[in-house]
Amino acid sequence: MQDEIFMKKAIELSKLAVEHGNEPFGAVLVKDDQIIFTNENQIYTRHDPTFHGEAGLIREFCAQTAITDLHECTLYSSCEPCFMCSGAMVWVKLGRLVYGASNIDLENILGNKGCNCSKMVFDNSFWHPQVTEGVLREEALNVLKEYFGTHKKG
């Protein structure tokens, strides 16, 4: 299945983010079944707490291509995007979002309750990307558990 192939890449990027000194989140942008851009979380190496996998991907892709309408694209994220990243997806009119672990999964690892961030943002916005959740969830969860078992968030 195509979703699993692209999600594997997002999870691979989440592991690379850790190797590069950042938190374990990765994102892949796909159009017409081809990867057109990738990004990993870079909040520590860029000294920018907003450079999440997804928001960073959108920022860099738009800057490099001058394309700001992503309605024909799918974004694969190793973990459900936060409020900020979900908001960025609304502004670029992302066509589809696919994620592995949910924000509730992540927050549970961190000892918090959590919420369904992307749903809350999309349901209350002018643009509503199609959402597929839980693709390779266990693989994505394992990366988060391994990292946040020894690191604090933020």
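Is lysine 152 buried or exposed? Lysine 152 is exposed, at 74% relative accessible area (exposed is over 50%, buried under 20% and partly exposed in between, using a 1.4 Å probe and protein chains only). Keep in mind that this is a predicted model, where local features need pLDDT of at least 70, side-chain atom pairs count only at pLDDT 80 or more, and totals for chains, interfaces and linings use all residues. Residues are numbered from 1 along each chain as its sequence is written, and side-chain values use heavy atoms, with hydrogens and water left out.

**The sheet**

- Five strands make an open sheet in the order S2-S1-S3-S4-S5, with mixed pairing; strands (E, at least two residues) and helices (H or I, at least four) are DSSP runs numbered from the N terminus, and two strands pair if DSSP finds at least two bridges between them.
- Strand S2 (34-40) and strand S5 (130-133) sit at the edges, each pairing on one side only.
- On average, neighbouring strands here are turned by 15° against each other, direction ignored; axes are lines fitted to C-alpha atoms (for helices, over the stretch in contact), and angles run from 0 to 180 degrees between N-to-C directions.
- S1 and S2 run antiparallel and are joined by six bridges, with valine 30 partnered by isoleucine 35 in S2.
- These two strands form a hairpin with two residues between them, and aspartate 32 in that turn has a positive phi of about 55°.
- Strand S1 (residues 26-31) also pairs with strand S3 (residues 73-79), in the antiparallel sense over five bridges; here alanine 27 has serine 77 of S3 as its bridge partner.

**H2 and H3**

- Helix H2 (residues 53-65) lies across S1, S2 and S3 and runs at about 125° to S2.
- H2 packs against helix H3 (residues 83-91) at an angle of about 35°, with the axes 8 Å apart.
- The contact (heavy atoms within 4.5 Å) is made by Glu54, Ala55 and Ile58 of H2 with Met84, Cys85, Ala88 and Met89 of H3.
- By class, that contact has six nonpolar, no polar and one charged residues; Ala, Val, Leu, Ile, Met, Phe, Trp, Tyr, Cys and Pro count as nonpolar, Asp, Glu, Lys and Arg as charged, and the others, Gly among them, as polar.
- Buried residues in H3 are Cys85, Ser86, Gly87, Ala88, Met89 and Val90, and their cover includes H2, S3, strand S4 (96-101) and helix H5 (117-123).
- Methionine 89 has a relative accessible area of 0% and touches Glu54, Ile58, Leu75, Pro81, Leu94, Leu97, Phe122 and Trp127, not counting residues up to four places away in sequence.
- Just after H3, lysine 93 takes a positive phi of about 55°.

- The axes of helix H1 (residues 2-19) and helix H6 (residues 137-148) come within 10 Å and cross at roughly 10°.
- That angle makes H1 roughly parallel to H6 (under 35 degrees is roughly parallel, over 145 roughly antiparallel, 65 to 115 roughly perpendicular and the rest oblique).
- Lys8, Ile11, Ser14, Lys15 and Val18 of H1 meet Glu139, Ala140, Val143 and Tyr147 of H6, giving five nonpolar, one polar and three charged residues.
- Lysine 152 is in the segment after H6, and its C-alpha atom is separated by 9.7 Å from that of glutamate 23, 129 residues apart along the chain.
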